[in-house]
Amino acid sequence: SLSFKEFVYQHGRIAKMSPSGRNIRVVIVGDEGVGKSSLISAILSQNFEEDVPSVISPTLIPSELCFHDVDVATALIDTSSRNDDQSLTDEEIAHADLILLVFDITRAKTRDRLNSYWLPRLNQRCAQNQKIPIIIVESKVDLYVEQEEGLDKGFRDTIKYLCKESEQVEMGIATSAKQPETLSELVYQVQRVVLFPVTPLYDSSSKDLKPYYKAALHRIFRLFDKDRDSVLSDLEFTQLQQEVFGESLAPESVIVIKDLINEKLPENGIQNKAITYSGFEYYNRLSVEKGRVHSCWKVLKSCGYRDDLTLNTAVYSLNMQLNSDQTVELSPKGLDFLSGIFHMFAHDGLLNRE
């Protein structure tokens with residue numbers, strides 16, 4: 001059997017695309033000497049190497065090592081800091097799924113240039129209306145073994161400021177090519193940010209869910225409101241968890257969730273001991289804010305939504321081949337469902353155009 005380290009070392013440099021043909025394309029940028037190539041080399045070998053090329057050839061982390069049980073490989077694209085190579089770097093930036101923006105903790109100038117040079121450049125080079133997520137990477141943290149109290153706070157303050165300055169900045173992470181655990185966390189976060197993005201779901205400036213996500217949640221709520229009483233009973237909420245995650249919630253867990261909703265929305269979160277839509281929306285917003293975006297996307301995907309939050313109609317197509325003397329009609333259960341939906345929105349037996 002192979003350890004994680006041995007598997008990466010043997011397969012990382014020669015990995016092919018995932019069987020699905022999908023890769024996460026990660027472009028690493030930053031000033032000269034910040035440690036971009038050393039980080040890539042250490043991710044592949046799980047060892048720190050003193051002598052590494054100034055620019056490492058594009059490399060794939062195989063799909064078998066995706067932390068999120070998704071069939072995708074992760075391509076690491078190193079870039080040159082030489083002036084003569086900037087057009088090539090810009091081209092890589094334009095085709096990235098995610099950008100790692102690296103600075104050296106031992107050189108304050110490289111941190112200052114994140115906002116004065118790199119972020120404006122990245123915003124300019126990205127295609128119009130294309131918001132490529134950015135992770136700020138603090139490198140060489142091993143050189144601050146003493147972990148001064150002000151050091152971590154300074155990094156957090158920097159990231160908080162940059163997140164306000166640019167909507168593309170997702171997070172910051174401290175790393176060292178000499179500390180394998182920080183590199184595993186970096187790869188995990190890279191894959192998470194691309195596979196389960198926050199941006200389509202949440203507006204960080206208004207601290208609210210985006211309209212398309214709210215519309216999807218409305219539909220999902222109605223799908224699992226089986227008795228169409230405009231609330232989710234404990235049974236209905238548990239059935240949602242069972243269908244999406246393959247496991248049922250314990251009764252005490254449902255109580256904890258409802259108490260959480262009721263604490264925040266005492267007037268309209270819980271009604272007759274069941275979860276209202278307002279409570280359901282709040283619980284999903286809380287999941288996003290607490291970093292459980294993976295769960296939110298799993299719910300969406302299981303209910304037929306694509307990455308852009310449009311419905312994948314192929315999920316619901318019957319694809320039936322009928323003879324000329326055959327017809328299709330709704331079952332009594334199907335008619336009952338449509339009747340219930342109609343009467344939820346009808347007034348005096350009629351639907352207005354709105």
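**Exercise 1. State how many helices and strands the protein chain has, and what share of its residues is buried.**

Solution. The model is predicted; local features need pLDDT of at least 70, side-chain atom pairs count only at pLDDT 80 or more, and totals for chains, interfaces and linings use all residues. Residues are numbered from 1 along each chain as its sequence is written, and side-chain values use heavy atoms, with hydrogens and water left out.

Step 1. Helices are DSSP runs of H or I with at least four residues, and strands are runs of E with at least two, numbered from the N terminus. The protein chain has twelve helices and eleven strands.

Step 2. A residue is buried under 20% relative accessible area, exposed over 50%, and partly exposed in between (1.4 Å probe, protein chains only). Of the 354 residues in the protein chain, 42% are buried.

**Exercise 2. Describe the largest nonpolar core and the contacts of Ile-220.**

Solution. Step 1. A nonpolar core is a set of buried Ala, Val, Leu, Ile, Met, Phe, Trp, Tyr and Cys residues joined through side-chain atoms within 4.5 Å. The largest one has 61 residues, and those touching the most other members include Leu-100, Ile-220 and Phe-280. Helix α6 (residues 180–195) gives the largest share of this core, seven residues.

Step 1. Contact means heavy atoms within 4.5 Å. Leaving out residues up to four places away in sequence, Ile-220 touches Leu-240, Phe-280, Val-299, Leu-300, Cys-303 and Tyr-305.

Step 2. Another core, of 23 residues, lies apart from the largest one and includes Val-27 and Ile-93.

**Exercise 3. Classify the aromatic pairs Phe-221 with Tyr-277 and Phe-237 with Tyr-283.**

Solution. Step 1. Rings of Phe, Tyr and Trp (its six-membered ring) pair if their centres lie within 6.5 Å; planes under 30 degrees apart are stacked, over 60 edge-to-face, and the rest tilted. The count is four aromatic pairs.

Step 1. The ring centres of Phe-221 and Tyr-277 are 5.7 Å apart and the planes stand at 90°, so this pair is edge-to-face. Phe-221 belongs to helix α7 (residues 211–224) and Tyr-277 to helix α10, so the pair ties together parts 56 residues apart in sequence. Phe-221 is buried at 5% relative accessibility, and Tyr-277 is buried at 13%.

Step 2. Phe-237 and Tyr-283 are also edge-to-face, with 6.1 Å between centres and 75° between planes. This pair links helix α8 (residues 234–245), which holds Phe-237, to helix α10, which holds Tyr-283, 46 residues apart. Phe-237 is buried at 2% relative accessible area; Tyr-283 is buried at 18%.

Step 3. Phe-221, Tyr-277 and Phe-280 form one aromatic cluster.
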